[in-house]
Amino acid sequence: MEATIFSGWVYDHLKPHAAAVKVAHPLMLRAIAASKKKNDQIDAGKLADCLRCDFLPECYMASTGIRERRRTLRCRHLLVRQVVQLKNRVSSLLMETGVSYNKQRLHRAGYFPELLASKDAIDKSIRPLLRLSRDSITRLQRIESALIRSLQRDPLLAERVRRLQTIPCVGRITALTWALEMGDISRFRSIRQAISYCGLCGDEKRSAETAVRTPLSKQRNKHIQRVLVEAAKLAPRYDPDLALFYAREKQSGNANRATHRGCRGGCSPSPSAIANNRRHSSRFFGNRLSSMREQCGERRRTIHRPRTWTKDQAPARRDS
């Protein structure tokens with residue numbers, strides 16, 4: 001079947017009654033969408049033909065427990081966005097009426113009541129709106145904290161999150177997002193596949209001898225990408241070594257490219273690291289992808305490929 005918004009519960013319902021259930025990746029089925037005549041019967045026939053020829057682009061389906069907890073974490077992100085919108089609304093109300101306020105202390109618990117206590121400074125028309133916005137912000141923040149605590153105490157995630165948080169610069173949000181969005185890390189056969197899934201690489205369009213690399217690909221898990229980028233932006237503020245690493249990478253390009261290299265730190269050496277004859281700082285996001293696998297007790301499978309030799313490089317044969 002093709003992946004849709006309700007394919008999760010259909011998958012769970014069919015799995016006990018079928019030998020194998022496969023969910024097709026919708027972006028990889030462009031031939032169905034581009035066809036001139038399209039209906040459910042034709043789409044089902046094309047999916048069956050792809051499955052018969054072993055051409056079905058199957059997408060990964062996480063376990064039911066992981067999907068349920070992932071839904072909770074994504075709901076938490078929605079609450080955070082609503083809190084930010086309300087805070088921006090409070091600031092805009094004060095600016096519309098010409099009220100001077102301390103920008104750094106506006107949304108702190110002690111400063112807001114003091115601001116409302118000044119009767120002459122704030123107009124009466126916006127006082128109910130300010131109180132309503134502030135109450136909504138407080139209520140949403142409490143719900144968000146309760147969701148995070150429930151996920152941290154969950155027995156399915158507690159041990160893995162604890163190990164991930166032992167990595168420097170990895171907090172509870174980053175650890176929870178990694179554990180839930182990445183799922184079983186052993187499904188990635190290489191670091192490159194994990195980088196692609198996190199959206200830390202661009203598309204490649206090659207024709208003959210011309211190759212064009214685009215910016216970050218849109219085919220990625222946007223939730224894990226957002227968290228990794230935010231962590232890479234915040235980490236240099238709290239660690240001098242990370243700030244030095246970020247400044248060195250920023251000299252060779254722009255700020256976004258330096259942040260991107262920070263996200264991929266530990267996965268592939270940068271040109272500056274090679275020039276300095278040293279590896280990436282192991283503290284930079286805890287050698288993100290590789291260290292997270294090791295802390296979770298999960299090591300990637302090593303694929304041994306036979307080495308090809310040229311005639312001049314072939315080793316001398318030993319006589320028995």
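Q: Leaving aside neighbours within four places in sequence, what is Gln-225 in contact with?
A: In this predicted model, Gln-225 is in contact with Cys-198, Gly-199, Leu-216, Ser-217 and Arg-220, once neighbours within four places in sequence are set aside.

Q: Which element does Gln-225 lie in?
A: Helix H10.

Q: Is Gln-225 buried or exposed?
A: Buried. Its relative accessibility is 10%, and the cut-off for buried is under 20%.

Q: Staying with H10, at what angle does H8 pack with it?
A: About 155°, with the axes of H8 and H10 9 Å apart. H8 covers residues 172–182 and H10 covers residues 222–238.

Q: What does that make the orientation of H8 and H10?
A: Roughly antiparallel, because the angle is about 155° and the cut-off for that class is over 145 degrees. The crossing of H8 past H10 is left-handed.

Q: Which residues make the contact?
A: H8 brings Thr-174, Thr-177, Trp-178, Glu-181 and Met-182. From H10 come His-223, Ile-224, Val-227 and Ala-231.

Q: How do the residues of that contact of H8 with H10 divide?
A: Five are nonpolar, three are polar and one is charged.

Q: What about H4 and H8, how do their axes cross?
A: At roughly 140°, and the axes of H4 and H8 come within 9 Å.

Q: Which class of orientation do H4 and H8 fall in?
A: Oblique. Roughly antiparallel would need an angle over 145 degrees, and H4 and H8 cross at roughly 140°. H4 passes H8 in a left-handed crossing.

Q: Which residues of H4 and H8 meet?
A: On H4, they are Ile-66, Arg-69, Arg-70, Leu-73, Arg-74 and Arg-76. On H8, they are Ile-173, Leu-176, Thr-177, Leu-180 and Glu-181.

Q: And how do the residues of the contact of H4 with H8 divide?
A: Into five nonpolar, one polar and five charged.

Q: What span should H4 have, and how far apart are its end C-alpha atoms?
A: H4 has 33 residues, 64–96, and should span 48 Å at 1.5 Å a residue. Its end C-alpha atoms are 48 Å apart, so the two agree.

Q: Which residue has a positive phi although it is not a glycine?
A: Asp-54, with a phi of about 60°.

Q: Where does Asp-54 lie?
A: In the loop between H3, residues 40–52, and H4.

Q: Does Asp-54 count as buried or exposed?
A: Exposed, because its relative accessibility is 69% and the cut-off is over 50%.

Q: Changing topic: where is Gln-141?
A: In helix H6, residues 127–152. Gln-141 counts as partly exposed, with 31% relative accessibility.

Q: What does Gln-141 touch, not counting residues up to four places away in sequence?
A: Val-83 and Lys-87.

Q: What separates the C-alpha atoms of Gln-141 and Gln-82?
A: They are 9.9 Å apart, while the two residues are 59 residues apart along the chain.

Q: Zooming out, how many helices and strands are there in the protein?
A: 14 helices and two strands.

Q: What share of the residues in the protein is buried?
A: 35% of the 320 residues.

Q: And what share of contacts with a separation of 6 or more comes from residues 24 or more positions apart?
A: 54% of those contacts in the protein.

Note on methods. Residues numbered from 1 in each chain as written. Predicted model: local features only at pLDDT ≥ 70, side-chain atom pairs only at ≥ 80, totals over all residues. Heavy atoms only, no water. Axes fitted to C-alpha atoms, helices over the stretch in contact; angles between N-to-C directions. Helix = DSSP H or I, 4+ residues; strand = E, 2+ residues; numbered from the N terminus. Parallel < 35°, antiparallel > 145°, perpendicular 65-115°, else oblique. Left-handed = near helix turned anticlockwise from the far one by under 90°. Contact = heavy atoms within 4.5 Å. Nonpolar A, V, L, I, M, F, W, Y, C, P; charged D, E, K, R; others polar. Buried < 20%, exposed > 50% of the residue type's maximum accessible area, 1.4 Å probe, protein only. Expected span 1.5 Å × (residues − 1).
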